[in-house]
Amino acid sequence: KLADPSDWTHVATLSYDITGGINPEIKVTNDYTPNSSDLTVAKTVTGLLGDHEKQFSFTLSFNQPIDPEKLAKITWTKSDGTNGTLTDRTFTLSHGQSIVFSGIPAGVIATVTEESYDNYTTKYKIHNTAETFFGWSPTTESEVARVANVTIDATAKTIQFLNQNEAEPDMGVLLDTLPYILILVVVAGGGVLLFLRKRKNDDDE
């Protein structure tokens with residue numbers, strides 16, 4: 001079963017030839033156009049200080065009101081096994097996680113917005129879900145932003161969000177204490193040298 005019969009468009013064509021005495025021939029063509037589709041949102045975290053355990057927050061919105069009956073049919077399934085209906089349009093994802101929203105009406109523009117996080121650069125790519133995602137390449141990035149817009153049609157779409165943290169580890173403590181460490185090394189080295197000289201002098205006597 002492809003879908004509810006109400007989703008089908010029925011077209012009947014009638015052709016006949018009176019002069020030839022040919023009986024009318026009826027051809028029925030059934031054209032199926034899905035009235036809803038799926039949207040997947042996936043998360044990748046990279047960078048020296050990228051936190052793979054951190055939950056990044058997102059919001060899903062639409063460019064127009066959706067009929068309450070259709071809205072109630074939108075469901076979500078997360079890669080961790082949790083699922084539900086669209087009672088709350090906010091969700092979170094950590095590195096390697098994804099969420100699938102099913103039953104979004106065709107023709108609607110879905111907007112997925114990620115919150116802003118310090119030290120993280122956010123970018124995204126949109127591709128057909130059925131197509132293989134080959135990863136990120138600096139030369140082919142389509143967007144560097146936190147807001148992705150997707151027009152829902154018959155083809156399921158996926159938004160790949162990348163959060164990159166290239167912050168450097170805080171080395172301030174080490175740099176501040178380095179001069180004192182060097183002084184201690186010099187003092188310790190001098191003490192050892194004096195001890196060895198004294199011992200040598202004692203041996204000579």
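Strand 5 (residues 75-78) and strand 6 pair in the antiparallel sense over three bridges, where strands are DSSP runs of E of at least two residues, numbered from the N terminus, and two strands pair if DSSP finds at least two bridges between them. The model is predicted: local features need pLDDT of at least 70, side-chain atom pairs count only at pLDDT 80 or more, and totals for chains, interfaces and linings use all residues. Residues are numbered from 1 along each chain as its sequence is written, and side-chain values use heavy atoms, with hydrogens and water left out.

- Six strands form an open sheet with mixed pairing, in the order 6-5-8-3-12-10.
- Strand 6 and strand 10 (120-128) are the edge strands; each has a single partner strand, so one side of each is left without a neighbour in the sheet.
- From one strand to the next, the twist averages 20°, with axes taken as lines fitted to C-alpha atoms and angles running from 0 to 180 degrees between N-to-C directions.

**Gly84**

- Gly84 belongs to strand 6 (residues 83-85).
- The bridge partner of Trp76 in strand 6 is Gly84.
- Leaving aside residues up to four places away in sequence, Gly84 touches Thr75 and Trp76 (contact means heavy atoms within 4.5 Å).
- Between Gly84 and Phe101, 17 residues apart along the chain, the C-alpha separation is 9.7 Å.

**Aromatic pairs**

- There are six aromatic pairs in the structure; rings of Phe, Tyr and Trp (its six-membered ring) pair if their centres lie within 6.5 Å, and planes under 30 degrees apart count as stacked, over 60 as edge-to-face and the rest as tilted.
- One of them is edge-to-face because the rings of Phe56 and Tyr120 have centres 5.3 Å apart and planes at 85°.
- This pair links distant parts of the chain, with Phe56 in strand 4 (residues 56-62) and Tyr120 in strand 10, 64 residues apart.
- Phe56 is buried at a relative accessible area of 0%, and Tyr120 counts as buried at 13% (buried means under 20% relative accessible area, exposed over 50%, partly exposed in between, with a 1.4 Å probe and protein chains only).
- Phe91 and Phe101 have ring centres 5.3 Å apart and planes at 65°, so this pair is edge-to-face.
- Phe91 lies in strand 7 (residues 90-93) and Phe101 in strand 8 (residues 98-105), ten residues apart; both are buried.
- A cluster linked by ring pairs holds Phe58, Phe91, Phe101, Tyr124 and Phe161.

**Charges over Phe56**

- The charged end of Lys43 sits over the ring of Phe56, 4.7 Å from its centre, the criterion being NZ of Lys or CZ of Arg within 6 Å of the ring centre and within 35 degrees of the ring normal.
- Lys54 lies over the face of Phe56, at 5.8 Å from the ring centre.

Note on methods. Helix = DSSP H or I, 4+ residues; strand = E, 2+ residues; numbered from the N terminus.
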